[in-house]
Amino acid sequence: MIHLEQIDKTYVSGRNRVHVLKSVDLNIEAGEMVSVMGASGSGKSTLMNIMGLLDGYDTGAYRLDGKLMKDISETRAAIYRRQWVGFVFQSFNLIPFKTAAENVALPLYYQGIKRRRRLAIAGEALARVGLADRAEHRPSELSGGQQQRVAIARALVSKPKIILADEPTGALDSATSSDIMRLLQEVNREGVTVVVVTHERDVAAMTRRIIRLRDGRIENAHGKPADV
C-alpha cells in the first residue's frame with residue numbers, strides 16, 4: 001500500500017541546508033500496524049508528512065496503492081488525503097469552541113455533507129471510541145485521553161484506509177497511553193493500516209513491526225517489538 005523508494009528530503013533556509021531523509025526505502029502493506037521510532041531530529045515526522053501528502057520529497061518515488069505521488073497539486077493531494085488518510089496528532093488539534101461532535105464532523109463539512117447527516121455520522125464515530133455520552137462537550141470539558149479519542153473519531157469519520165498517528169500518546173500518562181494504543185489496535189483489526197510515530201518503547205511494543213530511523217536513514221525496517 002505504502003511504497004517509498006530512495007526518498008530524499010532536504011530543507012533549505014537561507015544558507016542552511018538540512019538533509020532530513022536520506023535514501024529511504026520502506027514498504028508498509030495494507031492492514032499492517034507499524035511504529036516509527038527515532039531520536040528527535042531523526043526524520044520521523046518528515047517521513048509521516050510525506051506519507052500523508054502534507055509535504056513533498058526531492059528525489060525518489062512514493063507510491064500510494066501503486067500510484068506515484070510526485071509533484072501533484074495541492075488540490076489533488078487534498079483529494080488523496082480525504083480518500084485515504086486520517087491523521088492523529090499529539091496536540092489533538094481540536095477546535096476549542098466546537099463540541100466533540102462538531103469537531104468529529106468537520107471533515108464531513110468539507111465533503112459537502114449536510115449538517116444533520118454529518119452530526120449523525122459523528123455520533124456514530126464517537127460511540128465507536130466510547131464517547132457517545134460526550135458528544136456535546138467541548139474540549140476543555142474533556143480529559144486528555146478523551147480529547148485524543150475525539151481526535152481518533154475525527155480521523156475515522158471519513159473511513160480512511162490509513163491512520164497516521166504522530167506521537168498520539170505524547171501528552172498522556174502511561175495508563176491513558178495504553179488505552180489509546182488499544183483503541184488503535186482495534187481500528188487496525190478492522191482492516192485499517194496504522195502507522196504510529198513515537199519515541200516511547202512501550203507504545204512501539206504494541207505494534208506489529210518497528211521501523212527505526214537514525215539521522216534520516218532507516219536503520220531497521222523489519223524489527224519486532226521484542227527487538228526494541
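The questions and answers below concern a predicted model.

Q: How many aromatic pairs does the count come to?
A: A pair of aromatic rings is described by the distance of the centres and the angle of the planes. Rings pair if their centres lie within 6.5 Å. By this rule the number of aromatic pairs is two.

Q: Are the rings of Phe87 and Phe89 stacked or edge-to-face?
A: The ring centres of Phe87 and Phe89 are 5.9 Å apart, and their planes lie at 5°. Planes under 30 degrees apart count as stacked. The pair of Phe87 and Phe89 is therefore stacked.

Q: Is Phe87 buried or exposed?
A: Buried means under 20% relative accessible area. Phe87 has 15% relative accessibility, so Phe87 counts as buried.

Q: What is the relative accessible area of Phe89?
A: Phe89 is the ring partner of Phe87 in the stacked pair. Phe89 is partly exposed, and its relative accessible area is 23%.

Q: Are the rings of Tyr109 and Tyr110 stacked or edge-to-face?
A: The centres of these two rings, Tyr109 and Tyr110, are 5.2 Å apart, with the planes at 80°. Planes over 60 degrees apart count as edge-to-face. The pair of Tyr109 and Tyr110 is therefore edge-to-face.

Q: Is Tyr110 buried or exposed?
A: Tyr109 is partly exposed, with a relative accessible area of 47%. The cut-off for exposed is over 50%. Tyr110 has 61% relative accessibility, so Tyr110 counts as exposed.

Q: Which residue lies over the face of Trp84?
A: Over the ring of Tyr57 sits the charged end of Lys70, 4.4 Å from the ring centre. For Trp84, the distance from the ring centre is 4.7 Å, and the residue over its face is Lys161.

Q: Where does Asn103 lie, and is Asn103 buried or exposed?
A: Asn103 is part of helix α3, which spans residues 100-109. Leaving aside neighbours within four places in sequence, its contacts are Leu94, Ile95, Lys98, Pro139, Val150 and Arg154. At 1% relative accessibility, Asn103 counts as buried.

Q: Which strands are the edge strands of the open sheet of four strands?
A: The order of this sheet is β2-β1-β4-β5, with antiparallel pairing. An edge strand pairs on one side only, and the edge strands here are β2 (16-28) and β5 (67-68).

Q: Which residue in β2 is the bridge partner of Ile7?
A: Strand β1 (residues 2-13) pairs with β2 in the antiparallel sense over nine bridges. In β2, the bridge partner of Ile7 is Val24.

Q: What angle does the direction of helix α1 make with that of β1?
A: Helix α1 (residues 44-51) packs on the sheet and touches β1, β2 and β4 (59-64). The angle between the directions of α1 and β1 is about 120°.

Q: How many residues of strand β8 are buried?
A: Both faces of β8 are covered. Thr193, Val195 and Val197 are buried on one side, and Val194 and Val196 on the other. In strand β8 (residues 193-197), the buried residues number five of five.

Q: Which residue in β8 is the bridge partner of Ser35?
A: Strand β3 (residues 33-37) and β8 pair in the parallel sense over four bridges. The partner of Ser35 in β8 is Val196.

Q: Which helix joins β7 and β8 in making a right-handed β-α-β unit?
A: The two strands of this unit, β7 and β8, pair in the parallel sense. The helix that makes the right-handed unit with them spans residues 174-189 and is α6.

Methods
Residues numbered from 1 in each chain as written. Predicted model: local features only at pLDDT ≥ 70, side-chain atom pairs only at ≥ 80, totals over all residues. Heavy atoms only, no water. Phe/Tyr/Trp six-rings, centres within 6.5 Å; stacked < 30°, edge-to-face > 60°. Buried < 20%, exposed > 50% of the residue type's maximum accessible area, 1.4 Å probe, protein only. Lys NZ or Arg CZ within 6 Å of the ring centre and 35° of its normal. Contact = heavy atoms within 4.5 Å. Pairing = 2+ DSSP bridges. Axes fitted to C-alpha atoms, helices over the stretch in contact; angles between N-to-C directions. Right-handed = clockwise from strand over helix to strand, strands pointing away.
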